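Welcome, and thanks for taking a look with me. Here are some points to go through with the model open beside you.

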Amino acid sequence: MKQIVITLDSSDILYLEKQGDKQALAKASLESIKKQIGEGISQINSAKESSNANKGSSSGFGLKIDGKSLDYSLNKNLERSFFELAINCASVICCRSSSKQKARVTRLVKLGTGKTTLSIGDGANDVGMLQEADIGVGISGAEGMQAVMASDFAIAQFRFLERLLLVHGHWCYRRISMMICYFFYKTIAFGFTLFWFEAYASFSGQAAYNDWYMSFYNVFFTSLPVIALGVFDQDVSAKLCLKYPFLYLEGIEDTLFSWPRILGWMLNGVLSSLVIFFLTTNSVLNQAFRRDGKVVDFEILGVTMYTCVVWTVNCQMALSINYFTWIQHFFIWGSIAFWYVFVLVYGYLSPGISTTSYKVFVEACAPSGLYWLVTLLVVVCVLLPYFSYRSFQSRFLPMYHDIIQRKQVEGIEIGLSDDDLPKQVQGKLIHLRERLKQREL
């Protein structure tokens, strides 16, 4: 790696420092830094042109700059040029820089690239940098706890950064992305059934569900499974996350939280609501529901549709989870069971309290085989398209974690060839191998 050094240790600058002429020193320093930055940019451009002409890989550049030179480089007139030079280097070392300078460099990179920035520090002079970055990681050590107090995450040693990013970073990105998308899904799937019912009832204002059904939907019947997803889910183990670092690219490329994926989950919610409402109504209306020949009224229709919604969104969560523990099983199936307990107990209260839910489940729904058959039919019809889509995607259009999961199922010892790796990772491997060959020669 070739070095580009920007410094003010030239003889002319040292002479002006001895003279004590601050105005002349500032002007000469600014011109010197401007010249060195321009020479560095020209050197990088020349290397790129020669590598393109020879159709080979250019060796990287490293930039080294001290605190005094950095102060002039962050001048408004030179800031853009310095950023252009720094961003084209493989690594940048800013030595003997102040806390303010660290924060300004972090802000320059964050605003200039528009990417997520991470800062890591262990002392009080790193506080500004940690607060300026999108993510601050503090190391608790001999320099005190100021960095830890100002950071978003704290680790005991620098070597723990690898596990923080590759393992917990990957897990948390997946958990939060899936949790937010699932919130959109379950809310739309439930809310649009109300809309379809209102359209079916000519917007008369008649509610499809009992008031307490709607109040408890996001509190008891669907909240705990999504919390379990956001806390416990793991697509691959920690060992495999460290063994295959390219899994972290899912977060960098925003694979799981892009607009197409969010809109896909929202569309899934709309389609689920359509299937739930129209399949339920067409299955139970205009025919005998009870043994005495009575047909369905809106109270029974509401309980049947609500049962289908609770089953659908919780089973959808079961299909989305990769890592099952007894907690996930308890929350998912427990939420469904709690709905039956609630509608049973609530229906036994006096009609003034239970209103439209008075003994509906006990006297009408539970004894009817059509109620259980419709629930099963609706849940299968809603979940089958998503199951088919995920099966096709994981096999023919796999994401990074799908590749690892498939290899893990096929054999205990996971061995990936270059063809199995993503194209971006393949390109980096080719570049590294070429550099190793050049060093050997």
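Is F203 buried or exposed?

1. F203 counts as exposed because its relative accessibility is 54%. Here buried means under 20% relative accessible area, exposed over 50%, and partly exposed in between, with a 1.4 Å probe and protein chains only. You will find F203 in the loop between α8 and α9. Its phi is near 55 degrees, a positive value in a residue other than glycine.

2. A word on what you are looking at: this is a predicted model, where local features need pLDDT of at least 70, side-chain atom pairs count only at pLDDT 80 or more, and totals for chains, interfaces and linings use all residues. Residues are numbered from 1 along each chain as its sequence is written, and side-chain values use heavy atoms, with hydrogens and water left out. Helices are DSSP runs (H or I, at least four residues), numbered from the N terminus.

3. K359 also has a positive phi, near 50 degrees, in a residue other than glycine. K359 lies in the loop between α16 (351-354) and α17. With 25% relative accessibility, K359 counts as partly exposed.

4. Next, please turn to the largest nonpolar core, which has 55 residues. Such a core is a set of buried Ala, Val, Leu, Ile, Met, Phe, Trp, Tyr and Cys residues joined through side-chain atoms within 4.5 Å. Y209, Y213, Y306, W339 and Y371 touch the most other members. Elements giving two or more residues to this core include α8 (161-200), α13 (259-284) and α18 (369-396). The largest share, 12 residues, comes from α14.

5. Leaving aside residues up to four places away in sequence, W339 touches Y213, F221, V303, Y306, T307, V310 and Y371. Contact means heavy atoms within 4.5 Å.

6. Finally, the surface. V219, F220, F338, V341, L344, V345 and Y348 make a nonpolar patch of about 610 Å². Areas come from the Shrake-Rupley method with a 1.4 Å probe. L344, in helix α15, counts as partly exposed because its relative accessibility is 34%.

Technical notes:
Patch = residues over 30% accessible without salt bridge, like charges linked within 9 Å, V, L, I, M, F, W, Y side chains within 5 Å. Salt bridge = Lys/Arg side-chain N within 4 Å of Asp/Glu carboxyl O.
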